[in-house]
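Here's a quick briefing to read alongside the model.

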Amino acid sequence: MAGRGLYVATLLTGLLECLGFAGVVFGWVSLVFVFKAENYFKELCEPNAGLLGNATEQAAEDCKAQDEKFSLIFTLASSMNNFMTFPTGYIFDRFKTTVARLIAIFLYTSATLTIAFTSADSAVLLFLAMPMLSVGGILFLITNLQIGNLFGKHRSTIITLYNGAFDSSSAVFLIIKLLYEQGISLRASFIFLSVCSTWHVTRTFLLMPRGHIPYPLPPNYSYGLCSGNGPTKEKTAEHESRELQSKEFLSPKDEIPGPGQQQKPRSFWSYVFSRRFVWHLVWLSVIQLYHYLFIGTLNSLLTSLAGGDRVIVSTYTNAFAITQFFGVLCAPWNGLLMDRLRQKYQKEARRTGCSTSMAALRSAVPSLTLTSLLCLGFTICASVPVLPLQYVTFILQVISRSFLYGGNAAFLTLAFPSEHFGKLFGLMMALSAVVSLFQFPIFTLIKGPLQNDPFYVNVMLILTTLLTFVHPFLLYRECRAQKGSPPAVA
């Protein structure tokens, strides 16, 4: 019972950590509003002679260069959030939980302190602080995702719950914006976030393992406060878990080796170059690119649609940030869907003598398809230049994004061995970061040659989104083709 209580305490505190800190960088829209009020990069704005005298002060200035600067900062931060996931994932796999979390705490605290002491004169420091904040946050998420291993058949639900909490933490910047409007300075808010690092350190040593949480979970597994033998016991548990798990990813010949033959585990790179990995990368990269582009340009979009009215822009910014909080409520439904289907398909597979691991992988097909449909709806709504319709866009955006990242992590746990999870998750995010870099040239294209008319870009993005349906289709065909035999990653 004591161990079960520890599991629940770890789950709840991890949820609070992801919800309150990990993904705050994606609340960038709210923070940009505060930075503009503090005159960050204000010197880049130029008078708009054609509008002087018959428009608001905001509209009477051409702040295209200021918007581009903020867009570039977010592009850098969001790209680093993904690109640095591979090296941080390697650190997590190689040096285990404690070392990875201490690095996360250092980066996060350094970033919040840097932002706390910046001003309009030193706004360029945001180019350093925001990527550090982003990398620290993703490391918090990576070290917490393993907590799903403690809950067996609810594993996918827990993983998607954490990803939803990561998405919802963007609402923290909304709170900072609202406090700022009530007279609480930006510096005070970020100093408070810095002080919270003491809680992260405490949790690292008392409620988290020094190594990894294994899957499947060995009997009587313990860690942290309840671990009597410390790291030695954890290593034994991880070794037992790897032996239990290895059978899931072997071909038929590997499961029953012939005389004199030995089982040969597949290398990390053989999984990287598999068709599953490549098409999942395409799926993630395309959907993520539009999400990043939307978040990074939303302030500029709202300013344009609202005719420069700061009150309207503030109202819609608050509405967008509030909807982000519901990511933590939306994401678990994706995991619940996958868990229920996985249990159903695996029960059928045991009854018919088919592969249980391929049956588990089959449960990801509806999730991947639904996520693509949500992104398509979100992209279409965002392309219509009608301000009230953006409320619908905000709702579709948060549901799509919460399904995207939760489904991504859950798929990787189903499709590949857990000993490679940190590296595969990191490499997936790092490669998708390369694609996400296109958001800045796309923004520049809209602001420059297209004269603020995103119609052709939106059409291109809608057509590109259709490409994401290829991944679940191929996965469905693979599951059908190998229904009667254990899987070998294609």
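Phe268 is buried, at 9% relative accessible area, while Trp269 is partly exposed at 45%. Keep in mind that this is a predicted model. The rings of Phe268 and Trp269 sit 5.0 Å apart centre to centre with their planes at 70 degrees, so this pair counts as edge-to-face.

**Aromatics**
- Searching the whole structure turns up 28 aromatic pairs.
- One of them is Phe173 with Phe190, a tilted pair with 5.9 Å between centres and 50 degrees between planes.
- Phe173 belongs to helix H7 (residues 171-181) and Phe190 to helix H8 (residues 186-195), so the pair ties together parts 17 residues apart in sequence.
- Phe173 and Phe190 are both buried.
- There's also an aromatic cluster made up of Phe26, Trp28, Phe35, Tyr40, Phe41, Phe70, Phe74, Phe166 and Tyr292.

**Helix packing**
- Helix H4 (residues 85-116) packs with helix H9 (residues 197-206) at an angle of about 180 degrees, and their axes are 10 Å apart.
- With angles over 145 degrees counting as roughly antiparallel, H4 and H9 are therefore roughly antiparallel to each other.
- On the H4 side, the contact uses Thr98, Arg101, Leu102, Ile105 and Thr109; H9 brings Ser197, His200, Val201, Arg203, Thr204 and Phe205.
- By type, the residues of this H4 contact with H9 are four nonpolar, five polar and two charged.

**Cysteines**
- A search of the whole structure comes back with zero disulfides.
- Cys330 counts as buried, at 16% relative accessibility.
- Cys381 is buried too, with a relative accessible area of 16%.

Notes:
Residues are numbered from 1 along each chain as its sequence is written. This is a predicted model: local features need pLDDT of at least 70, side-chain atom pairs count only at pLDDT 80 or more; totals for chains, interfaces and linings use all residues. Side-chain values use heavy atoms; hydrogens and water are left out. Axes are lines fitted to C-alpha atoms, for helices over the stretch in contact, and angles run from 0 to 180 degrees between N-to-C directions. Helices (H or I, at least four residues) and strands (E, at least two) are DSSP runs, numbered from the N terminus. Angles under 35 degrees count as roughly parallel, over 145 as roughly antiparallel, 65 to 115 as roughly perpendicular and the rest as oblique. Contact means heavy atoms within 4.5 Å. Ala, Val, Leu, Ile, Met, Phe, Trp, Tyr, Cys and Pro count as nonpolar, Asp, Glu, Lys and Arg as charged, and the others, Gly among them, as polar. A disulfide is a pair of cysteine sulfur atoms within 2.5 Å. Buried means under 20% relative accessible area, exposed over 50%, partly exposed in between (1.4 Å probe, protein chains only). Rings of Phe, Tyr and Trp (its six-membered ring) pair if their centres lie within 6.5 Å; planes under 30 degrees apart count as stacked, over 60 as edge-to-face and the rest as tilted.
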